[in-house]
2 protein chains.
Amino acid sequence: MKMDSLEALAACFKRLPGVGQKSAMRYAYSIIDTDGDKVEAFAQALLDVKHNIKLCKVCGNYTEDSLCEICTCRDKSTICVVKAPRDIIALEKMGDYKGVYHCLHGTIDFQKGISVDDIRVKELLGRLDGVEEIIIALDADISGEMTSAYLAGLIKPLGIKVSRIAHGIPMGSEIEYTDEMTLQKALRDRKDL
Amino acid sequence: MKMDSLEALAACFKRLPGVGQKSAMRYAYSIIDTDGDKVEAFAQALLDVKHNIKLCKVCGNYTEDSLCEICTCRDKSTICVVKAPRDIIALEKMGDYKGVYHCLHGTIDFQKGISVDDIRVKELLGRLDGVEEIIIALDADISGEMTSAYLAGLIKPLGIKVSRIAHGIPMGSEIEYTDEMTLQKALRDRKDL
């Protein structure tokens with residue numbers, strides 16, 4: 001059955017992360033049964049996000065203003081370095097952290113051709129004045145490890161403390177079901193009691 | 001963090017079938033990183049589906065014309081009755097069926113307050129001229145069973161053959177893991193070898 005507009009819409013849904021052909025068609029069908037004004041609001045919301053959301057000119061977080069909410073009101077002596085704005089959301093949920101962030105928008109990855117110049121390292125170095133500690137909160141994969149080591153090598157010589165969030169066994173999980181890499185890391189980073 | 005446009009978009013994604021808060025936020029974030037022209041195409045595709053897709057005036061299937069492709073070219077002596085246009089897609093994938101369809105857009109459901117007048121039964125009765133067989137392909141739930149029985153009671157007295165697609169153990173599944181209702185149905189509908 002030829003229904004060009006339905007297939008065009010399904011193709012758009014399929015571009016969303018983790019959405020396959022079946023879900024995309026299901027979403028497209030659901031739009032037919034949705035009220036016209038809700039569909040118009042959906043279309044407008046897509047355009048609004050693309051038009052209104054930009055990067056905070058200081059930390060690289062998403063914002064609708066020129067400075068993000070965190071940069072305007074928080075303690076600037078501690079900067080937590082993350083890979084993506086999504087990580088800021090996760091860390092903010094915790095509610096404990098009072099400092100600011102710096103979003104690199106990527107980590108060094110030679111296989112994907114992402115070098116130091118492709119991520120926001122220069123911007124980080126430009127805001128170190130008055131900073132006492134840099135907390136690195138990057139993923140514990142090769143790319144994250146490499147970027148962490150690189151940043152520590154750059155920043156520690158400037159007399160600024162560089163730390164890294166701990167990796168280990170997640171709270172509530174069982175040792176039996178923990179993967180080797182995590183166990184290795186947890187054992188190496190053991191703490192005195 | 002206050003980002004109204006992002007949250008508004010996530011709320012729209014959350015209205016899609018089977019999409020929860022986390023996926024909705026993930027989809028909304030992905031739009032920020034999508035090219036502007038692709039986002040505009042997405043918004044347009046939503047509006048196009050809502051504007052272009054209507055019901056075939058004969059069978060109730062979705063179409064962009066006044067008659068659907070199936071109604072224009074297929075054998076009209078057999079009508080397969082389904083609940084929703086989605087079911088037509090599934091049956092068409094099989095490729096075996098040469099007749100036309102009739103989409104009821106629902107099945108009788110007293111709990112949900114859906115009566116005979118809320119589904120396209122009258123439209124079905126209005127197109128029985130010259131029809132030799134009605135094949136009922138409704139779900140094997142209470143609502144589907146009730147609607148099937150009701151339609152058979154109406155149509156059989158007119159001298160038209162009324163059949164129903166078989167229910168039983170799906171091809172390739174094991175008896176051990178088949179639910180009781182299906183086993184019961186499969187045993188009752190057993191065929192001579």
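Q: In what order do the four strands of the open sheet in chain B stand, in this predicted model?
A: In this predicted model, four strands of chain B build an open sheet whose pairing is parallel. Strands E4 (99–103) and E6 (161–164) of chain B stand at its edges with a single partner strand each, so one side of each has no neighbour in the sheet. Neighbouring strands are turned by 25° against each other on average, direction ignored. The order of the strands is E4-E3-E5-E6.

Q: Which residue in E6(B) stands opposite B:Ile134?
A: Strand E5 of chain B covers residues 133–136, and its pairing with E6(B) runs in the parallel sense over four bridges. Opposite B:Ile134, the residue in E6(B) is B:Val162.

Q: Which helix supplies the largest share of the side of chain B that touches chain A?
A: The contact takes 39 residues from chain B and 38 residues from chain A. On the side of chain B, helices H1 (4–14), H2 (21–32), H3 (36–52), H4 (69–73) and H5 (85–94) each supply at least two residues. The residues of this side divide into 25 nonpolar, four polar and ten charged. The largest share, 13 residues, comes from H3(B).

Q: Which residue of chain B comes closest to the rotation axis?
A: Chain B is superposed on chain A by a rotation of 180° with 0.0 Å of shift along the axis, at an RMSD of 0.1 Å. The two copies are thus related as by a two-fold rotation axis. Of the interface residues of chain B, 97% are also interface residues in chain A, so the copies meet through the same surface. The residue of chain B that comes closest to the axis, with its C-alpha at 2.1 Å, is B:Ala43.

Terms used
Residues numbered from 1 in each chain as written. Chains lettered and ligands numbered in written order. Predicted model: local features only at pLDDT ≥ 70, side-chain atom pairs only at ≥ 80, totals over all residues. Least-squares fit on C-alpha atoms with pLDDT ≥ 70 in both. Contact = placed C-beta atoms within 7 Å. Pairing = 2+ DSSP bridges. Axes fitted to C-alpha atoms, helices over the stretch in contact; angles between N-to-C directions. Nonpolar A, V, L, I, M, F, W, Y, C, P; charged D, E, K, R; others polar.
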